[in-house]
Amino acid sequence: MNGKQPPETGAFFARDRTWHAPALTPAYKTSVLRSPQKALLSLDGTISEITGPVFGHSILGAQDDDLIHNFASPGESAIGSRIIVHGRVLDERGKGVAGALVEIWQANAGGRYRHKKEGYIAALDPNFGGCGRTITDVHGYYRFRTVQPGPYPWPNGPNDWRPAHIHFSIFGHGFAQRLITQMYFQHDPMIWKCPIVSTIPDRAAIEQLVAALDMNNTIPMDARAYSFDIVLRGRRSTLFENRKEGN
Amino acid sequence: MAQSHVLKESPSQTAGPYVHIGLTPNFAEISGVYPHDLGATMITGDAAGEHINLCLRVLDGMDEPMRDALVEIWQADNAGVYNSPSETRGQADPHFTGWGRKAADPQSGEFHFATIKPGRAPHPDGRPMAPHISVWIVARGINIGLHTRVYFADEEQANTEDPVLARIEHRKRVQTLMAIRKGDTYSLDIHLQGKRETVFFDI
């Protein structure tokens with residue numbers, strides 16, 4: 001934490017569950033046996049959800065945000081189209097979330113994950129591990145260097161492919177803000193054929209997960225840039241916590 | 001100042017089958033990137049309170065343990081205080097992070113956390129909540145992370161007074177949140193579906 005802003009202690013805005021995928025999405029077959037069938041019990045935020053752990057920059061290594069090099073042998077680098085992925089972590093009020101832990105993981109440029117259960121025939125890259133992390137600055141800004149992941153087939157329908165994507169895990173300031181999502185790439189036709197993408201009911205919500213090509217932040221002769229903002233839940237002010245007219 | 005939603009929350013997507021690459025890479029045999037997996041150690045020194053083991057399993061609709069899931073827990077310290085900047089009631093135990101993250105044991109499907117039995121923290125209405133641990137579950141097939149709580153079956157009086165448990169309409173379902181003690185280990189099976197489906201929260 002930078003310590004410049006006083007910590008916020010209000011409860012989070014209610015989650016708009018219609019904006020997210022429902023638990024049961026039969027076209028994504030694994031959800032069928034992994035979706036709760038009973039109604040969720042709604043709770044207004046208690047101290048248990050309003051609070052959350054904070055991660056200091058001391059946990060970060062020098063190459064944690066550089067997937068091209070953080071698993072590579074000395075002097076080597078990962079194979080693939082070099083990209084910068086950057087943006088801001090905001091909350092629903094449009095405020096930058098400072099000190100948010102952003103963790104990412106992805107397949108290599110050929111669409112292959114470094115995982116023992118991965119069965120795709122595409123080759124492993126000996127210089128690519130596939131994980132990275134960073135912490136947002138005082139404005140909520142983050143930045144990674146990586147290679148563009150490839151699309152890959154997966155056993156769901158007879159011929160389903162995942163669009164190229166990067167998994168994002170974001171830790172804001174409260175346990176209720178915890179979020180995992182995926183980033184897709186602008187103009188990828190595979191986005192609109194994917195049963196996992198299609199679990200999200202609203203096209204505008206899906207488009208929120210599509211990173212835009214950002215030529216202004218491209219590094220000439222090195223890496224293209226994609227910009228991707230992430231929005232976490234906002235929270236109420238605590239000024240009038242116990243006064244109904246306050247909020 | 002009036003507050004409004006000017007932006008929509010980014011929609012959740014499943015953590016997928018390879019969540020361990022990103023969140024517990026050392027467990028996933030991607031070594032050398034991070035010195036250790038975040039959340040692997042909750043007790044960092046001489047933490048006050050009763051040291052316990054929490055053993056969870058997450059079971060799918062066929063009662064099979066989900067070995068590819070990832071669980072995070074978040075809890076108060078022995079005095080009921082959270083180790084968080086948003087905690088306004090005092091300083092938490094400096095030797096206890098309150099936050100843990102684990103992959104399932106590949107054979108048993110069990111999630112093991114070495115932790116502290118939490119103290120009681122107040123509900124917003126002022127009444128004390130019973131000791132509990134917040135749980136967040138992600139996995140392939142789960143489109144949005146599931147929030148639930150672990151309570152302690154041997155805290156009968158506190159559980160009776162707990163304002164959150166009191167909101168569970170079907171009283172039989174209260175048992176789905178109760179970890180059972182054996183020695184210094186509390187165990188609980190979290191059922192995603194079926195007659196024993198765990199109470200999950202929209203928090």
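Is Arg57(B) buried, exposed or partly exposed? I began with this residue, keeping in mind that I am reading a predicted model, and I found Arg57(B) partly exposed, with a relative accessible area of 26%.

**Entry 1: salt bridges within the chains**

I followed Arg57(B) to its partner, and noted that it forms a salt bridge with Asp189(B), for which the closest N and O atoms are 2.8 Å apart. I placed Asp189(B) in strand E8 (residues 185-191) of chain B and Arg57(B) in strand E1 (residues 51-59) of chain B, so this pair ties together parts that are 132 residues apart in sequence. Asp189(B), at 28% relative accessibility, counts as partly exposed.

I then looked up Arg140(B), which is in a salt bridge with Asp68(B), the closest N and O atoms being 2.9 Å apart. This pair also links distant parts of the chain, 72 residues apart, with Arg140(B) in the loop between E5 and strand E6 (146-152) of chain B and Asp68(B) in the loop between E1 and strand E2 (70-75) of chain B. I recorded Arg140(B) as partly exposed at 28% relative accessibility, whereas Asp68(B) counts as buried at 12%.

In chain A I checked Asp66(A) and Arg145(A), whose side chains meet in a salt bridge at 3.1 Å, N to O. Asp66(A) lies in the loop between H1 and E2 of chain A, and Arg145(A) in strand E5 (residues 141-147) of chain A, so the pair ties together parts that are 79 residues apart in sequence. With 8% relative accessibility Asp66(A) counts as buried, while Arg145(A), at 23%, counts as partly exposed; the cut-off I needed here is that buried means under 20% relative accessible area.

I also noted a network of salt bridges that links Glu50(B), Lys117(B), Asp154(B), Glu155(B) and Arg181(B). A search of the whole structure gave me 27 salt bridges over all chains.

**Entry 2: the interface of chain A and chain B**

How many salt bridges does the rule find across the interface of chain A and chain B? I noted eight, and I looked up Lys116(A), which forms a salt bridge with Glu29(B), the closest N and O atoms being 3.4 Å apart.

I listed the elements of chain A that give two or more residues to the side touching chain B, among them helix H1 (47-50), strand E2 (82-91) and strand E9 (179-185). E9(A) gives the most to this side, with five residues. By class, I found 42 nonpolar, 27 polar and 23 charged residues on the side of chain A that touches chain B.

For the extent of the interface, I noted that 92 residues of chain A are in contact with 78 residues of chain B. The area buried between chain A and chain B is about 7600 Å², and carbon and sulfur atoms give 57% of this area. Arg34(A), Leu41(A) and Phe175(A) supply 12% of the area that chain A buries against chain B, more than any other three residues.

**Entry 3: strand E4 of chain A**

Which residues of E4(A) point one way, and which the other way? I found Cys131(A), Arg133(A) and Ile135(A) on one side and Gly132(A) and Thr134(A) on the other, all of them buried.

**Entry 4: a loop residue in chain B**

Lastly I looked up Asp125(B), which lies in the loop between strand E4 (110-116) and strand E5 (132-138) of chain B. Asp125(B) is partly exposed, with a relative accessible area of 43%, and its side chain reaches the backbone nitrogen of Arg127(B) at 2.9 Å. I also recorded that the C-alpha atoms of Asp125(B) and Pro163(B) are separated by 8.7 Å, although these residues are 38 residues apart along the chain.

Terms used:
Residues are numbered from 1 along each chain as its sequence is written. Chains are lettered from A and ligands numbered from 1 in the order in which they are written. This is a predicted model: local features need pLDDT of at least 70, side-chain atom pairs count only at pLDDT 80 or more; totals for chains, interfaces and linings use all residues. Side-chain values use heavy atoms; hydrogens and water are left out. Contact means heavy atoms within 4.5 Å. Buried area is the accessible area (1.4 Å probe) that two parts lose on being put together, summed over both. A salt bridge is a side-chain nitrogen of Lys or Arg within 4 Å of a carboxyl oxygen of Asp or Glu. Helices (H or I, at least four residues) and strands (E, at least two) are DSSP runs, numbered from the N terminus. Ala, Val, Leu, Ile, Met, Phe, Trp, Tyr, Cys and Pro count as nonpolar, Asp, Glu, Lys and Arg as charged, and the others, Gly among them, as polar. Buried means under 20% relative accessible area, exposed over 50%, partly exposed in between (1.4 Å probe, protein chains only). A polar contact is a pair of N or O atoms within 3.5 Å; within protein, one must be able to donate a hydrogen and the other to accept it, and residues adjacent in sequence count only if both atoms are side-chain atoms.
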